[in-house]
Amino acid sequence: MRRAFLLAMAVVMAAGVGGLGGAARGAGAEGTGKVVKVDEGRKAKALELVKKAGMTDAAGKQRIRGDIGAVAGAIGAVAGAIGDEALLKSAVDDDPDQWGKVQIYTSAAHEQAARGDMVGAKKSVAAAVALLALPEEKGGAGGSVAEFGDHQVVQLQNVALAQGDVGNLTAAEATAARMPASTMQALVYAGLGVAEMKAGNSAPAAGDFDRAEAVLAGLSAEDHSMAWAMLADDEAKTNPERARKMLERMKDPMDQAARAAFIAGRFAQDGRVADARTFVAAAAALVNRAGGDPGAVSKRVGAESALAQAYGAIGDKKAGMEMLGKAAAGIAAEKNPSSLELLDLAIAEDRLGQTDDSDQTLAKVIDALPSDEKERTHVLWLMSEMLAFRGDVWDAADFIDKARVAHLGEEDAVYACVTAESLAKSDGEDAKLEWIDQMKDQAGAVIQRELYASAARGMVEAGENPKVRRFEAMAAAGDAEAMARLGAIFDAGLGVAKDMTAARSWYQKAAGAKDTEAADWLKAHPE
């Protein structure tokens, strides 16, 4: 399940899909008129990465070489984020693939809408919509897509979500209806349902969620648990009770528990403590009902680790530590715990402030890696992505370095590209660009361009470090160790810009909450 989830997440991120910002069912709102611009330093670094991706010649002319989705989407995102219309036009003109042009426009639209440039976003969406009426599509703009290949369907998805970004939800629903029944179509409907709820359109939102559920329920009998989990993620944003029912469609109780704990953590970060506690309780009930089947130990340990993190997120550190102890005991009872089980435990220890334990567990992760070189490399890439996505950029970099023993395979490249994007999103030390260069050294020419293109996209997107959000939520609940961790993060610039004022402020709060290490730091660093 974990591998399927990460792959699905990588596909979504590579397609430039994000939260929908639509505010009306018609042509969409014009926005506040206030455009949020990308920091000039990040803009310059993004363009440097674009150049490394091989998308510029000596004169600075943009190029998309061949049908490479990650590259096409990234250049559109960069152009949209920095408001460079000439860059956007040049990229579209130079892409030989019609569907690549659609991806460029929709990626640009998403970034434009996210920064308040609704005029530019609508223009990009209109250009993408015009490209949908291709000669190959029999029946014109309203025809069937039964003969479309996977790549074309992805672009229909991108257009539907871009229409949602600019508030044109009626059109977005019509585009989604043209997609063949699939998990992808279901997730698009769910995303549009979220946008409808944000716009106050409760009846259309309910209809979109109904359609999403009906599509998934009507698919083949194979296990679509991951799709139900992702659907629950979307529905939880507006309808927690309905999301819980979606989780019940997952076949494995421990998978349900882990996903419920994940959603609980997100609720806690967003300040929705009551909802977070409800989902924590649901996850705990599932974990406590787990039997003693040896084959289920691995999933139970993963669910316990996720639940320990969720307890920490809602400020119940005692319960978090108790659940962490159960996870650790479960792993200790196994003869050969997997490296992924150990990584789950290490992340949970880190989230609960047990940094020494986390470091020791990470060392065990390395010892537990598969002996087969190809599989070992693959697991290292998967884990580096998991860590980078959570904002643990330094540990992710360590795994990147250890993964340099073999050439990147196709599936590894998916994780590597998402890792590059996650690393680039984190503010702070320029070392992250060196890590991306290390990743490039293992890749062939095409994957090199995808790596740099993905990093360029990350560079222009929000630079918020997920680790900071997580510890802020814990600190808000009164966790002194979380306050001290924030002080250390800003003191050393760990994944964020070094900020001694912020560091001192957090250390003062931690010391006020009786954290002795914070008090020692303040003594050693008088104002």
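A charge sits over a ring if NZ of Lys or CZ of Arg is within 6 Å of the ring centre and within 35 degrees of the ring normal. I kept that rule at hand while reading this predicted model.

**Entry: a charge and a ring**

I looked up Lys509. Lys509 lies over the face of Trp506. The distance from the ring centre is 4.4 Å.

**Entry: aromatic pairs**

Next I turned to ring pairs. How many aromatic pairs are there? The count comes to 2.

I took Phe267 and Phe279 to begin with. Their pair is edge-to-face, with 65 degrees between the planes. Centre to centre, I read 5.3 Å. Edge-to-face needs planes over 60 degrees apart. Phe267 belongs to helix 13 (residues 253-269) and Phe279 to helix 14 (residues 273-288), so this pair ties together parts 12 residues apart in sequence.

Then I checked Tyr507 and Trp521. This pair is stacked. Stacked means under 30 degrees. Tyr507 is in helix 26 (residues 500-512), while Trp521 is in helix 27 (residues 516-524). The two are 14 residues apart, and the pair links distant parts of the chain. Tyr507 counts as buried, at 7% relative accessibility. Trp521 is buried as well, with a relative accessible area of 9%.

**Entry: helix 18**

I went on to helix 18, residues 355-367. It has 13 residues, and at 1.5 Å a residue they should span 18 Å. I found its end C-alpha atoms 19 Å apart, which agrees.

Which residues of helix 18 are buried? They are Ser358, Thr361, Leu362, Val365 and Ile366. Seen down the helix axis, the buried residues fall within an arc of 155 degrees, so they line one face of helix 18. I then looked at the other side of helix 18, where Asp356, Gln360, Lys364 and Asp367 are exposed. What do the buried residues pack against? I noted helix 17 (339-351), helix 19 and helix 20.

**Entry: Asp392**

My last stop was a loop. Asp392 is in the loop between helix 19 (373-389) and helix 20 (393-402). Is Asp392 buried or exposed? Its relative accessible area is 4%, and buried means under 20%, so Asp392 is buried. I also listed its contacts, leaving out residues up to four places away in sequence. Asp392 touches Asp350, Arg351, Leu387, Lys467 and Arg470.

Definitions and conventions. Residues numbered from 1 in each chain as written. Predicted model: local features only at pLDDT ≥ 70, side-chain atom pairs only at ≥ 80, totals over all residues. Heavy atoms only, no water. Helix = DSSP H or I, 4+ residues; strand = E, 2+ residues; numbered from the N terminus. Buried < 20%, exposed > 50% of the residue type's maximum accessible area, 1.4 Å probe, protein only. Contact = heavy atoms within 4.5 Å. Expected span 1.5 Å × (residues − 1). Arc of directions from axis to C-beta. Phe/Tyr/Trp six-rings, centres within 6.5 Å; stacked < 30°, edge-to-face > 60°.
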